[in-house]
Amino acid sequence: MNDALDDQWNPTDQDGSPHEGGFRARFDVTTERGGPRYGEFNEQVRLLMDRVRYACPTGELTDELIADLKSINGKLADVQIDEWHTPAGTRIDLPARGNITVPPYDVTDAGPDGVTAQITFRPYHLGGNDAAHGGQVAVAFDDLGGMASALKIQGVSRTAYLTVNYRSITPLRTPLTIRTWVENLDGRKVYVKGTLHEGDRLCADLDALFIRLKPGQP
Ligand SMILES: CCCCCCCCCCCCCCCC(=O)SCCNC(=O)CCNC(=O)[C@H](O)C(C)(C)COP(=O)(O)OP(=O)(O)OC[C@H]1O[C@@H](n2cnc3c(N)ncnc32)[C@H](O)[C@@H]1OP(=O)(O)O
């Protein structure tokens, strides 16, 4: 990525609020950024990716779609801000905190003892033969493992390793139960476990290490 593009994706933060290394000391959650219909907007983006994943457009339709998408990207280019103030990732009232890069989940229970969520892998999470892509399962475990770590240590951590065992097929378009919890704490080391189930069937499990960041650590 060239420098100009890099600047585009790393705009200076808006309010100069306290910063500890790569993460903020304070995680500003919100239910208002992006307006009351931001969840609906997210859903349309996810639906777009579903449709694109399985589409075989004619050349003419591809031309038309490029023009439509350029128009949408132009509108979004006018409202770019820093990562700390976007709705995506901070809207705790929306699936996956409004972050469309994470498979959509709804947290049903969260605290120092762990996190439980209902998650549905979308058509665009396809790996092959109607099953979820293993990398997408890992994304879900990373996000919710990170959340379990954050709620346990009341601070920020980064993933040091993340091992996913794929025990059976993870289906698309099916509500699944994902759980993550801190198994052990050893200084800055936060050992996290997790499971992903369809009903009683174990689809995958997680063994991960998160490291609590020191003040100023990127
Ligand atoms: C309900 C609403 C609530 C809202 C609530 C919001 C929650 C919001 C959640 C967001 C959730 C997002 C979650 C995404 C999380 C990422 O995805 S983070 C991105 C992926 N990870 C990275 O990029 C990390 C890259 N690596 C690094 O930055 C550094 O290597 C690390 C991991 C910070 C560690 O470096 P360090 O701080 O210098 O630590 P270091 O001294 O090397 O190691 C510390 C200890 O850990 C051990 N260690 C370190 N790495 C390893 C390893 N790979 N294997 C084994 N041991 C290791 C060391 O041996 C050492 O052990 P001891 O000597 O203390 O016994």
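Guide: Two strands pair if DSSP finds at least two bridges between them. Helices (H or I, at least four residues) and strands (E, at least two) are DSSP runs, numbered from the N terminus. Keep both rules in mind. The model is a predicted one, where local features need pLDDT of at least 70, side-chain atom pairs count only at pLDDT 80 or more, and totals for chains, interfaces and linings use all residues. Residue numbers start from 1 along each chain as its sequence is written.

Visitor: What makes S7 and S10 a pair?

Guide: Nine bridges join strand S7 to strand S10. The rule asks for at least two, so they pair. The two strands run antiparallel. Within this pair, Tyr-166 stands opposite Ala-204 in S10.

Visitor: How do you know that S9 and S10 pair?

Guide: Apply the same test. S9 and S10 share 10 bridges and run antiparallel. One facing couple is Gly-194 and Leu-206, the latter in S10. S9 and S10 also form a hairpin, with two residues between them. Gly-199 sits in that turn and has a positive phi of about 60°.

Visitor: What joins S8 to S9?

Guide: Strand S8 covers residues 176-186, and strand S9 covers residues 189-198. They pair in the antiparallel sense over nine bridges. Asn-184 has Tyr-191, in S9, as its bridge partner.

Visitor: How many bridges join S3 to S4?

Guide: Six, and these strands run antiparallel. Gly-111 has Gly-114, in S4, as its bridge partner. A hairpin links S3 to S4 through two residues.

Visitor: What order do the strands take in the open sheet?

Guide: Six strands line up as S3-S4-S8-S9-S10-S7, and the pairing is antiparallel.

Visitor: Why is one side of S3 and of S7 left without a neighbour in the sheet?

Guide: S3 and S7 stand at the edges. From one strand to the next, the twist averages 20°.

Visitor: Which helix packs on the sheet?

Guide: Helix H4 does, touching S3, S4, S7, S8, S9 and S10. The direction of H4 makes about 135° with that of S7. Axes here are lines fitted to C-alpha atoms, for helices over the stretch in contact, and angles run from 0 to 180 degrees between N-to-C directions.

Visitor: Why is Ser-149 called buried?

Guide: Count C-beta atoms, placed from the backbone, within 10 Å: 20 or more others means buried, 12 or fewer exposed, and in between partly exposed. Ser-149 has 27 such neighbours, so Ser-149 counts as buried. Ser-149 lies in helix H4.

Visitor: What does Ser-149 touch, beyond residues up to four places away in sequence?

Guide: Ser-157, Val-182, Val-190, Val-192 and Phe-210. Contact means C-beta atoms, placed from the backbone, within 7 Å.

Visitor: Is Ala-150 buried, exposed or partly exposed, and what makes it so?

Guide: Ala-150 has 19 other C-beta atoms within 10 Å. Leaving out residues up to four places away in sequence, Ala-150 touches Gly-155, Val-156 and Ser-157. Pro-112 is 38 residues from Ala-150 along the chain, yet their C-alpha atoms are separated by 8.5 Å.

Visitor: What surrounds the ligand?

Guide: A shell of 20 residues, the closest being Gly-146, Ala-150, Arg-158, Thr-159 and Ala-160. To count as near, a residue needs its C-beta atom, placed from the backbone, within 6 Å. H4 gives the most to this shell, with five residues. S3, H4, S7 and S10 each supply at least two.

Visitor: How do the shell residues divide?

Guide: Into 11 nonpolar, four polar and five charged. Nonpolar means Ala, Val, Leu, Ile, Met, Phe, Trp, Tyr, Cys or Pro; charged means Asp, Glu, Lys or Arg; the others, Gly among them, are polar.

Visitor: How many helices and strands does the protein have?

Guide: Four helices and 10 strands. Buried residues make up 21% of its 218 residues.

Visitor: What are the confidence scores of the protein?

Guide: pLDDT is the predictor's confidence in each residue, from 0 to 100. The protein averages 91, and 88% of the residues score at least 70. Over residues 1-12, pLDDT stays under 50. The model scores ipTM 0.96 and pTM 0.92.

Technical notes: Two residues are in contact if their C-beta atoms, placed from the backbone, lie within 7 Å.
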